Amino acid sequence: MKKLFIVNSRADSIALEPFKKEYSKCEKEFPGQSRIIYTEYAGHASDAAKEATKEEDLLVVACGGDGTVHEVSNALAESNTPMAVIPLGTGNDFTRSIMDENHRSHPDLCVRELFNEHYKIKGTDLIRVDSYDKSGARIDASSAWCLNVASIGLDTEVQLRAKQKVLARPDSKFVRDTAYITSAVSCIFGNRNFDFKFKAKRNDGKPEESVNSRFTLLAVCNASYYGDGFCPAPDAKIDDSLINCCAIDAVSVPKALMLLAKYKDGKHVSLKEVDSFKTNKIVVEATGSRDLNGNYDGEDFSGHKVVFECHPSAIRLAIFG
C-alpha cells in the first residue's frame, strides 16, 4: 500500500528531525511508494486528505499533534481510505490510546514500520458532534467528527488558556509541557461551574435525564486521554460502538483541587461527585442564558444544544504491532 504523509509544518522540531531522517532513508529503500506534503495554510491537512480519498490503495499518515489528527480524520470519515498517525505534536493525546510509549517517543520507528507494512487496519468509531443554536438551526462551523475526546465546561476554559500560553512562547518546551496543568489550576479559582443538562440512554440503567443542571465539566470520550495526559475515561475503547461519558458536579475549590489530581490519573470514576457511564448518544443543552462552549479533539465549538452520537467503524485506522 502506498503512503501519503501529511506533515504539520509547525510540528515539534525535536520530533520532526528523526522523522525526516527516517523518511529520507525509507523513501530511497522503497522508491515510488510514498510522497510527503508539508502543510502551507490552515486546513491544508484536511484538503490534502480529502483529495487522497480519490485514490485507491493509499494510506494517509497524519503527522503532527491532535489538531492534525482531527483535520485528517474528519476528511477521511466514512471513506475507504485508511489513516495512520505519527505523533509530532505537543500533547499527542490520541496516540496514548492506540500505541505504546516506544512508538510515541520514536517517530522514526513509526515511519519504518509503516514502510515495512508492520501494522493492522481496524475499523474505529467516531463521535459525530452536531451543534444547534437557540432556534434549533444547525451550526455548521461548530459541528464535526471527533476521534478522541469532546468536552464542555471547565476543561474548555483550561484549553483556551493553555493555547494562549503556548502561542505566546511557542519555542519553550517547558511552557508546552506545563501549559495545561498550570492553566487547570488557575481556572479552578475562576469560573468553574456551568449551566447545562444532558439526556442519554445509559448502559447502567439510571434515568436518562441528568438530575443536576449545573456541572464543572462533561467529557464525551471515544478514547481515554486529552489535555496533555488527563484521563477522563480510563476504560474507553475506540471500537466498542459506545461513548464513555464523565460528568463532574459543580464543586468547591478544595474539592476541585482534589478532583484535579485524580482526574489526571484516571482515578476519579468512583467518586460521588463523578457520574461515569456509557451510551451511544448523548444530548446536552444549556439551561442558562449562556451558550455552551466546548472542544472536540482540541478544536473549539459552541452551541445552545449539542448532540454527540457514536458511529461505529466510521474510520479505518492503522495500528502498530
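Begin by selecting Leu154, Ile188, Leu217, Leu260 and Tyr263, which lie nearest the centre of the largest cavity among the 16 residues that line it; on a 1 Å grid over the protein atoms alone, a cavity is a set of points where a 1.4 Å probe fits but cannot get out, and lining residues have an atom within 4 Å of a point. The elements giving two or more residues to this lining are α6, α7, β9 and α8, where helices (H or I, at least four residues) and strands (E, at least two) are DSSP runs numbered from the N terminus. The model is a predicted one, in which local features need pLDDT of at least 70 and side-chain atom pairs count only at pLDDT 80 or more, while totals for chains, interfaces and linings use all residues. Residues are numbered from 1 along each chain as its sequence is written, and side-chain values use heavy atoms, with hydrogens and water left out.

The largest cavity holds about 170 Å³ of space, a volume being the space filled by probe spheres set on grid points that are joined across faces, edges and corners. Its lining divides into 14 nonpolar residues, one polar and one charged; Ala, Val, Leu, Ile, Met, Phe, Trp, Tyr, Cys and Pro count as nonpolar, Asp, Glu, Lys and Arg as charged, and the others, Gly among them, as polar.

Just after the helix, glycine 266 takes a positive phi of about 70°.

Now move to the second largest cavity, with about 30 Å³ of space, by selecting Asp66, Val69, His70, Phe94, Leu147, Asn148 and Asp297, which line it.

From there, select glycine 298, in the loop between β13 (292-296) and β14 (299-303). Leaving aside neighbours within four places in sequence, glycine 298 is in contact with Gln159 and Lys163.

Finish at histidine 44, found in helix α2 (residues 44-52) and buried, with a relative accessible area of 11%. Not counting residues up to four places away in sequence, histidine 44 touches Ile37, Tyr38, Thr39 and Glu71.

Notes. Buried < 20%, exposed > 50% of the residue type's maximum accessible area, 1.4 Å probe, protein only. Contact = heavy atoms within 4.5 Å. 1 Å grid on protein atoms, 1.4 Å probe; cavity = no way out; pocket = protein on both sides within 12 Å on 5 of 7 lines; lining within 4 Å.
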